[in-house]
Structures are given as C-alpha cells and as structure tokens.
Amino acid sequence: MEHPLSIYNTLTRKKEQFVPLHEPHVGMYVCGPTVYGDAHLGHARPAITFDLLFRYLKHLGYKVRYVRNITDVGHLEHDADQGEDKIAKKARLEQLEPMEIVQFYLNRYHQAMEALNVLPPSIEPHASGHIIEQIELVQNILDNGFAYESEGSVYFDVEKYNSQHNYGVLSGRNIEDMLNTTRALDGQDEKHNSIDFALWKCAQPEHIMRWPSPWSNGFPGWHCECTAMGKKYLGNHFDIHGGGMDLIFPHHECEIAQAVASQGDDMVHYWMHNNMITINGQKMGKSLGNFITLEQFFNGSHESLAQAYSPMTIRFFILQAQYRSTVDFSNEALQASEKGLSRLMEAYGHLQKLQPSDTTTVEVQGLRGKCYEAMNDDLNSPIVISHLFDAARAINSVKDGKGSISTGDLKELKELFQIFLFDIMGMKNEAAAAGNSYETFGKALDLLLSIRQQAKVNKDWATSDKIRNELTALGFEIKDTKDGAEWKLSK
Ligand code: ZN
C-alpha cells in the first residue's frame, strides 16, 4: 500500500514518511491521563491530537491498535521520589478505596472524551493491573547492570547508562549540564546520583498501595508502566509513541533508557508530541491557578469564562492549530471558533438543499486533493479547515444565486464535508443532533396521544385519563381537537 503521510519525529527532529513496521498494522501508544481529578483543557489536546491521528490512519486503510494507558494507584504525578501519591492521599482523607477514586474520575474522563467525540482507544490498560510486567522490566534492567538496589528501592543508573548509550537522545539535554545543575546530594539520599530515577520504590508505612516484589513491598516508578504495557500490547518494537511535549523529559527520555537498558534498543519508531495549551502565555495547570476543567467549559461555570462552550467548540478550537504549535486560550479565541464552526455547519445544512445546474461556476475544484495534502503534511488541520471555509463560501454563493454548481460537484462537496469535517476531524453537528432529539421527543408524545385516543374510542377512560393527567403533571398542555389531541409545553 501507499504511505502518503509524513509526520514529525521528535527523535530525529524532522518530518519523515510514515511507514509502519508491519503494514497494514500500526501500533500506537499514547500516555493517558493520571486519574486523580477532573479532566481540564490540557487533557483535551493530546486526546484530540491522537484521535485525529487514529482516525486518519484508519481512513488511510491501516489497521490500528491504539493503546492509551491509565496512570492510577501506586504512582505519583511526575516524580516517584517525592511526596505522597495523590490518589492515596485522597483515599485516606475521604475514607475511600483508592480504586473507587480511580473509577470515579475515570468515568468522568470517559464522559468528557465522549462529549469531545474522541474515539475510545483499542486497549486502555491500568498501571495497577500490570505490576508483574513492571517488576519483570525492573529485573531485566538490574540483570543488565543498569540499575542498583538501595534500601528496598531500585534506581536507574543514569551515569552508567550514558557511558554506553545516550541519555538525552530524545530531549536533546546534555547529561554533563544536568549533572552540573542538579543540586549536590545531602548524603541522606538513597540514590547514587540525583538524576537517577526510581524503577521501584519501597513503600513508606503510610503508603496504602503496595505490592510485593523481590526488593520490598512497594510500587513501581512512574516511567515503568508505559515501557512495560507498550511492550506487552504492541511488542518489542512498535510504530508510534505519543504524548504532550511536557512528557519528553523526563518521562519519555526515561522510557527510552529503560527500553534500551532492558532489551538493547528503543521500542519506538516515531515519537510524536503535541504542544501545550496556554492561558495568557502560561502553561495551564492546577499549580498556576489557571485551571479550568472541561466540565466548566461545557457549562460555563468558571469565573474566567464569559459563557459556556460546547464540546465541539472546544474540539474545533484545538484543531484550528496544528498540533505542534501552541494554543493560547482566551474567551475571544473560543468565541471566534464557535462562530467559525457554526458557519461551516450552516453551509453544510445549505449544501443539502442546493439545486444542481448544468455547470459549476464556483471554485470547488481540487479541494479534496488540497485537504489530503494538508493532512499528509504532519496533520495540518488548520489548513484543512481553511479549505472547508473555501467550500462554505462556494456553497453560500450558490445558495444566494450568485453562482451555480453541477450534480457531480455537489456530490463532491458533500463527500468533502463527510470525509474531512466529520470522519477525520471528528466534528459533530450539535445543532442538528439537538434538533433530531426534539423531533424524536415530539414523535414519542404524538404516539402517547394516539394511544390515549384509541383508549377513548374503546371507552377505556382509566387509561385515557391517566395519560392526560400524568402528561399535565409533567408540564404539558393537552388540548383535545376534532380528530385527536395536540400537545405543547406549558412553560
Ligand atoms: Zn507514559
């Protein structure tokens, strides 16, 4: 098969033609959420970026196995060396099972992702369900001499590794600089060197999530889970590993080191990273106080928001930037996205009603090719969107009688919207969906009233009164007419 897609590989720092290792199969691993709180706008970007890639790879005919992990109990947010596990802390404070907290936030994460029309991954493994695989990884690294045990914990020996391989190959960081800039150890540290990272941590007495291991009762270091689960579900070598740019160092750098130290080479062919969402130029995060959850965006309940923004507005806003550029949040930018999206959806609505002519006088030629060209150029979604706006302009001028379009070109435009706006970019027509559900609701009411009419004909007054009284109690006004009944909402 042909391989038209080029993607930017963070490892080689250039755009490369994407050729899978075992075509037509593609293995793709993306670092998923840490489930100890509600998903915020920062979670939406990697989810939507890799959803775009997942959808496009499938559209091109690849068979994709998409693994997105859940970082749950037993792990710290960023550093297994400091502080209490956030889920464990919440469990202790609220007297809940840690897994209750994980499940609660995971359910909410799934709801938010579904609202954003993010397709579920093929496999969603939990870190806590793969402790055996992580212990095996740590043991391999120990056996190969790239780790050491200290007080029941196991640390990766970065300096030793770097003497034979390159620690910094992904991030471009220089280990000498890191050694010079990290503060000197105060002598109490279990680590030989401050840049060594934990592969296994001996649990402190207050740590409630712990598993037995050859070294201690404890828990794996954060970086282990992705290496162990990627290997388990995608094999020793797979195509794509993705995540946010903030994961390049230390997380993904450590993953490469773990893979090389355990099996002799990196597992990943293409490393892909989406850029961050900023608020007034600052990274979004709880610590900066500029933290707005997706739910708050959807219902407009955060003080920084001028209004509620629908899930599709958020999705469109994110796709209006190429995934490697930054996106800066503001109400103005989101309002512009909302307007732009409704212009496209209105044009799509007009498109269904246009009458074809013998000739086409509007500019619609070559739009499909241009959209493919943009997608193949490292998923350039804003360029695809600009071509869809060109299509919308053509549709509007035919609608206004300023141009004409042939049957063939009309069909072409319908396909263009279906393929690029709906299938690949994953947009949904929210207004039409709401309209459809109102229509369905109306049909259900009409059905109830026709059953009541039949009951009256049968002199079944109990049933006919029951339907009328209960609908009235629910707030409907029922008016009997010559040939049946009409309803309206009395509010
Ligand atoms: Zn990861």
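**Entry 1: getting my bearings.** I am working with a predicted model. I looked up the domain assignment first, and it gives domain 1 (6-274), domain 2 (279-431) and domain 3 (434-489). I then checked how far apart domain 1 and domain 2 sit, and their centres, taken over C-alpha atoms, are separated by 33 Å.

**Entry 2: where domain 1 meets domain 2.** How many residues of domain 1 are in contact with domain 2? I found 33 residues of domain 1 in contact with 39 residues of domain 2. Together the two domains bury about 3,100 Å² between them, and 64% of that is on carbon and sulfur atoms.

**Entry 3: polar links across the interface.** I looked for polar contacts between domain 1 and domain 2 and found 17 residue pairs, counting pairs with both residues at pLDDT 80 or more. Next I asked which elements supply the domain 1 side. At least two residues each come from β1 (6-9), α1 (41-59), α3 (98-115) and β10 (268-274). Helix α1 gives the most, with 12 residues.

**Entry 4: salt bridges.** I noted that side chains of opposite charge can pair when their charged atoms come close. Across the interface of domain 1 and domain 2 there are 3 salt bridges. I picked out Asp-51 and Arg-315, which form a salt bridge with their closest N and O atoms 2.8 Å apart. For the whole model, the count comes to 18 salt bridges. The pair I picked links distant parts of the chain, with Asp-51 in helix α1 and Arg-315 in helix α10 (residues 311-319), 264 residues apart.

**Entry 5: the zinc ion.** Which residues coordinate the zinc ion? I found Cys-31 through SG, Cys-226 through SG and His-251 through NE2, at 2.0 to 2.1 Å. Along the chain these donors follow the spacing C-x194-C-x24-H. I then looked up where the two cysteines sit. Cys-31 lies in the loop between β3 (25-30) and α1, and Cys-226 is in helix α7 (residues 222-234), so the pair ties together parts that are 195 residues apart in sequence.

Notes
Residues numbered from 1 in each chain as written. Predicted model: local features only at pLDDT ≥ 70, side-chain atom pairs only at ≥ 80, totals over all residues. Heavy atoms only, no water. Domains from an automatic or database assignment. Contact = heavy atoms within 4.5 Å. Buried area = accessible area lost by both parts, 1.4 Å probe. Salt bridge = Lys/Arg side-chain N within 4 Å of Asp/Glu carboxyl O. Polar contact = N/O pair within 3.5 Å; in protein donor to acceptor, adjacent residues only side chain to side chain. Helix = DSSP H or I, 4+ residues; strand = E, 2+ residues; numbered from the N terminus. Donors = N, O, S within 2.8 Å, 3.2 Å for Na, K, Ca; no water.
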